[in-house]
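Begin by viewing the sequence and the structure.

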Amino acid sequence: MHCGWELKHLLRGYEAIVKQVNQHPNKGLNEEVLRVSLQEVGLKSRPECCSIPPPQYYAQIISEMETLGWDKMVHIDMEFQTLKLKAEDSSGRQHMLTVRLKAKHPAEAPECSADLPVPLSVTWTPQSTLEQLYSQFLLVLEYLTEFWDVLDEIDEKTWILEPENPSRSDTMRRIAIGNNLSIKVEVDPRHPKMLPECCLLGAEHAVTPLRNKLNANMHLWNPDSSVLHNLRDVLEIEFPSPATHEKSGFSVECGICYSYRLESAIPDQVCNDPRCGQPFHQACLYEWLRALPTCRQSFSVIFGECPYCSKVTRLHLNTYSQYISAPDCCTQQSLS
Ligand SMILES: [Zn+2]
Ligand SMILES: [Zn+2]
């Protein structure tokens, strides 16, 4: 075997393995065996090899997986330490549980993670098994079924502007109501059918009547009914749905950068003039307004002319906290 002195030095005492590899009839397999063997050599000559679990560890996992059922396993890594288990809730939604086992398993609790709107806390004792862990996960899924039912109905029957691709852990939805008019709802995973936190977004003249209806009809909220149903009743509107409307009507691009998504932001600032109503990204409008000589700031509100209709529009900085400390050029100037 021809190789550098470092490798020769490393392979000292492992000549038998190298010979065995060379004699193997399958060349592709040879390389694989050599790679694994070299890895072994490397590990043995390094002190951190003690972090490799003892043989009982693997026997334990195999026996636990046999009890749980191999059909639940979607993936296991090369180190045999990270397992991905699939599960289905009672509404037929697919979920994934990632389990990172510790070298001292089962004496030490594994780390678990899943795409959930609540933290996943599991009880683990040195006698616990993967099967028990899995049943705890199923209970959490059952507990969250109502929450996902509520959101699935919204996702299916309305146009969602944000988040772009909601995951199972997302509790917020921004639902299109009309052109440049939307409502942001934050559903509580623990009380999914209660009145959620709502925020109406759009030009003042369009938002005000809806806000008044929301305040006046709030007492009509029925916790036995779904959130979407309640929102319809309380706001006295029909939400545009994929069955009746095209999404392009609600995803109007920003009037400054001419794009819809800017990083992850969508144009959610709207010119308050009823005849204009042009949407902008907060970042774009902020940059635009503060470049104007006529720009003026009062507390957390910046006033300046709309790039479209030249009417005075305003930007509330409290909804855009990262810029609160920045607008130095706008302060102390008056609107001419
Ligand atoms: Zn923009
Ligand atoms: Zn305007």
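## Terms and model

A nonpolar core is a set of buried Ala, Val, Leu, Ile, Met, Phe, Trp, Tyr and Cys residues joined through C-beta atoms within 7 Å. A residue is buried if 20 or more other C-beta atoms lie within 10 Å of its own, exposed if 12 or fewer, and partly exposed in between, with C-beta atoms placed from the backbone.

The model is predicted: local features need pLDDT of at least 70, side-chain atom pairs count only at pLDDT 80 or more, and totals for chains, interfaces and linings use all residues. Residues are numbered from 1 along each chain as its sequence is written, while chains are lettered from A and ligands numbered from 1 in the order in which they are written.

## Chain overview

The protein chain holds eight helices and 13 strands. These are DSSP runs numbered from the N terminus: helices are H or I of at least four residues, strands E of at least two. Of its 336 residues, 23% count as buried. Take the contacts between residues at least 6 apart in sequence: 46% of them join residues at least 24 apart. Two residues are in contact if their C-beta atoms, placed from the backbone, lie within 7 Å.

## The cores

The largest nonpolar core has 31 residues. V99, F147, L161, I175, A176, V187 and V227 touch the most other members. Elements giving two or more residues include β2 (82-88), β3 (94-100) and α7 (227-235). The largest share, nine residues, comes from α5. Domain 2 (55-149) and domain 3 (162-251) each supply at least three residues; the bounds come from an automatic or database domain assignment.

A second, separate core has 12 residues, among them C254, I256, F280 and L315.

## The four-stranded sheet

One open sheet runs in the order β5-β6-β7-β8, with antiparallel pairing. Strands pair if DSSP finds at least two bridges between them. The edge strands, β5 (160-162) and β8 (197-201), each pair on one side only. The twist averages 30° from one strand to the next. Axes are lines fitted to C-alpha atoms, for helices over the stretch in contact, and angles run from 0 to 180 degrees between N-to-C directions.

Two bridges join β5 to β6 (residues 172-178). I160 stands opposite I175, and E162 opposite R174. Six bridges link β6 to β7 (residues 181-186). There, I175 has I183 as its bridge partner. Two residues separate the strands of this hairpin, where N180 takes a positive phi near 60°.

Beyond its neighbours within four places in sequence, A176 contacts T158, W159, L161, S182, P240 and F250.
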